[in-house]
Amino acid sequence: MSENPVIRVEKLNKTIRGHHILKDIDLIVEPGEVCGVVGQNGSGKSMLFKALCGLILPSAGDIWVFGKSIGKSGAFPEDTGTLIESPGFLPQYSGLKNLKLLASLQRKIGEAEIRKALERVGLDPEDRRPVRKYSMGMRQKLGIAQAFMERPRLMILDEPMNNLDAGSVEDMRGMLAALNREEGVTILLSSHNDLDIKTLCTRIHSMKAGVLSDLQGGEEADHAPV
Ligand SMILES: Nc1ncnc2c1ncn2[C@@H]1O[C@H](COP(=O)(O)OP(=O)(O)OP(=O)(O)O)[C@@H](O)[C@H]1O
Ligand SMILES: [Mg+2]
């Protein structure tokens, strides 16, 4: 374990109305890793990702992203692009305008970079239609563009391939692999697709009923310990 992991989670617990949803979760994500989380519907993947993004507060335990404590006093992770469940956009505006509005919060990038991000996910920056007329897959692509347009050092992506057609899934896999390999972006993602996990991830965790375990060191290790 390096001294400065990108994500460090210690004994994270989340209980909602008596339901224990996340149970003593420990997680380390090192710089440059592509870390995958797999697990059945309702096992707690999105809840963990929301906690990492500062969108829900832990009931107990600690989260640090780039060494900064998350989930206390409303802190959100810095330098992190996020995509959690279905991305929400302003339905009356075009994709370009939505991303321009979001980019105006940080003022890190201008319109040229936003247009490039749209093109990279296969959306036309000149498409003037409002997002309410977008298909599910187009909305998902817009969500992915929003997650990387500011060139974050970390991306937290909850089922990024949802609603994408087969060709778009391949493009997106290639894009995420390139962001990781060429730009050193650390990625944490969840997916129900084995191929996404196999082709992209350097480390795999499994969530079962709120308990996270490391598959590489655990039940699916190639060689049982002697
Ligand atoms: N807002 C909420 N209030 C109460 N319980 C919730 C809430 N959101 C999710 N849960 C519960 O938390 C548990 C984990 O849900 P979560 O959405 O994290 O699952 P998931 O692993 O992401 O599933 P999926 O693969 O279907 O996306 C489930 O039992 C779910 O019912
Ligand atoms: Mg989920």
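Ala, Val, Leu, Ile, Met, Phe, Trp, Tyr, Cys and Pro count here as nonpolar, Asp, Glu, Lys and Arg as charged, and the others, Gly among them, as polar. By that scheme, the shell around ligand 1 has 4 nonpolar, 7 polar and 1 charged residues. The model is predicted.

**Around ligand 1**
- Ile16, His19, Ile21, Gly39, Asn41, Gly42, Ser43, Gly44, Lys45, Ser46, Met47 and Met207 surround ligand 1.
- Two elements each give two or more residues to this shell: strand 2 (19–29) and helix 1.
- Helix 1 supplies the largest share, 3 residues.

**Helix 1**
- Helix 1 spans residues 45–52 and is mostly covered.
- Of its 8 residues, 6 are buried.
- The buried ones are Lys45, Met47, Leu48, Phe49, Ala51 and Leu52.

**Helix 2 against helix 3**
- Helix 2 covers residues 95–106, and helix 3 covers residues 111–120.
- Their axes come within 10 Å and cross at roughly 130°.
- Helix 2 is therefore oblique to helix 3.
- The crossing is right-handed.
- Helix 2 makes the contact through Gly95, Leu96, Leu99, Lys100 and Ala103.
- Helix 3 contributes Glu111, Ile114 and Leu118.
- By class, the residues of this contact divide into 5 nonpolar, 1 polar and 2 charged.

Notes:
Residues are numbered from 1 along each chain as its sequence is written. Chains are lettered from A and ligands numbered from 1 in the order in which they are written. This is a predicted model: local features need pLDDT of at least 70, side-chain atom pairs count only at pLDDT 80 or more; totals for chains, interfaces and linings use all residues. A residue is buried if 20 or more other C-beta atoms lie within 10 Å of its own, exposed if 12 or fewer, and partly exposed in between; C-beta atoms are placed from the backbone. Helices (H or I, at least four residues) and strands (E, at least two) are DSSP runs, numbered from the N terminus. Axes are lines fitted to C-alpha atoms, for helices over the stretch in contact, and angles run from 0 to 180 degrees between N-to-C directions. Angles under 35 degrees count as roughly parallel, over 145 as roughly antiparallel, 65 to 115 as roughly perpendicular and the rest as oblique. A crossing is left-handed if the near helix is turned anticlockwise from the far one by less than a right angle, and right-handed if clockwise. Two residues are in contact if their C-beta atoms, placed from the backbone, lie within 7 Å. A residue is near a molecule or strand if its C-beta atom, placed from the backbone, lies within 6 Å of it.
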